[in-house]
Amino acid sequence: KICQAVDKIHKDINFLVLHQTAQHVDTGDRILEELLKLNLAPPVVPQSFGVCLGQAPEIDPDAFIGRKSELQRLREILFPDTRPHRQCIVTISGMGGVGKTQLSLAHVRECAEEYSSVFWVNAKDETSLRQSMADLAAIVIHRSSTSAVQSTDDEKAKFEQVRRWLSEPGNDRWLLIFDNYDDPHLPGIRSSTGYDIRPFFPPRSQGHI
């Protein structure tokens with residue numbers, strides 16, 4: 001009965017997280033720490049999906065040279081020596097064509113073995129990002145059907161499934177790349193197409209973005 005209860009807690013941990021931000025203690029982590037003291041078998045480690053770049057642009061690795069300091073900085077931010085068990089977020093900014101996507105892909109080639117899964121999504125606008133996130137459901141959610149999304153509700157359901165998968169306890173070694181996020185919604189700046197990307201982050205503060 002205890003094992004069944006612990007298993008249920010692991011499965012429902014997201015509903016037990018009362019308040020989590022980068023500045024506050026994650027209640028879910030505290031619960032998991034207490035569970036570890038029970039000396040029971042840990043939950044099954046989430047499946048690794050390797051590097052899944054989807055519709056990311058194909059760039060010849062030999063065309064990328066230099067940028068060693070930027071690659072080193074990415075590694076330092078995404079793999080911090082202090083507070084390793086937290087969500088690590090880095091933004092690569094610059095004018096179009098300077099090589100932001102190439103730098104991201106170069107980091108993936110350099111550090112692929114450090115991640116359990118790597119996902120690339122198109123964030124050029126909110127519609128494209130929702131579709132890209134929904135498409136990930138065919139990879140991370142165990143389904144045989146990979147048919148196109150049939151409705152807005154279906155797309156939203158798949159999108160939420162992916163967010164929940166990214167928030168599963170122990171599943172914290174993934175990298176999620178939001179490419180082409182060039183029109184953010186910023187305070188004081190009016191834009192008919194700009195949007196806030198933060199709702200697309202997983203609800204649990206973990207992983208690498």
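Reply: The largest pocket has a volume of about 810 Å³. A pocket here is an open set of points on a 1 Å grid over the protein atoms alone, where a 1.4 Å probe fits, with protein on both sides within 12 Å along at least five of seven lines. Its volume is the space filled by probe spheres set on the points.

Me: What am I looking at, and how are things numbered?
Reply: This is a predicted model, where local features need pLDDT of at least 70, side-chain atom pairs count only at pLDDT 80 or more, and totals for chains, interfaces and linings use all residues. Residues are numbered from 1 along each chain as its sequence is written, and side-chain values use heavy atoms, with hydrogens and water left out.

Me: New topic. In what order do the strands of the sheet come?
Reply: The order is E1-E2-E3, in an open sheet with parallel pairing. Two strands pair if DSSP finds at least two bridges between them. E1 (50–52) and E3 are the edge strands, each pairing on one side only.

Me: How many bridges between E1 and E2?
Reply: Three. In one of them, Gly-50 has Ser-117 of E2 as its partner.

Me: Where does H5 lie?
Reply: Helix H5 (residues 100–111) lies across E1, E2 and E3, at about 165 degrees to E3. Angles run from 0 to 180 degrees between N-to-C directions, with axes fitted to C-alpha atoms, for helices over the stretch in contact.

Me: Now the core. Which residues have the most contacts inside the largest one?
Reply: Phe-119, Leu-129, Met-133, Leu-176 and Phe-178, in a nonpolar core of 23 residues. Such a core is a set of buried Ala, Val, Leu, Ile, Met, Phe, Trp, Tyr and Cys residues joined through side-chain atoms within 4.5 Å; buried means under 20% relative accessible area (1.4 Å probe, protein chains only).

Me: Which elements supply at least two residues each?
Reply: E2 (117–122), H6 (126–140), H7 (152–166) and E3 (174–179). H6 gives the most, with five residues.

Me: What does Leu-176 touch?
Reply: Leu-176 touches Phe-119, Val-121, Leu-136, Leu-166, His-208 and Ile-209, leaving out residues up to four places away in sequence. Contact means heavy atoms within 4.5 Å.

Terms used. Buried means under 20% relative accessible area, exposed over 50%, partly exposed in between (1.4 Å probe, protein chains only). Helices (H or I, at least four residues) and strands (E, at least two) are DSSP runs, numbered from the N terminus. On a 1 Å grid over the protein atoms alone, a cavity is a set of points where a 1.4 Å probe fits but cannot get out, and a pocket is an open set with protein on both sides within 12 Å along at least five of seven lines; lining residues have an atom within 4 Å of a point.
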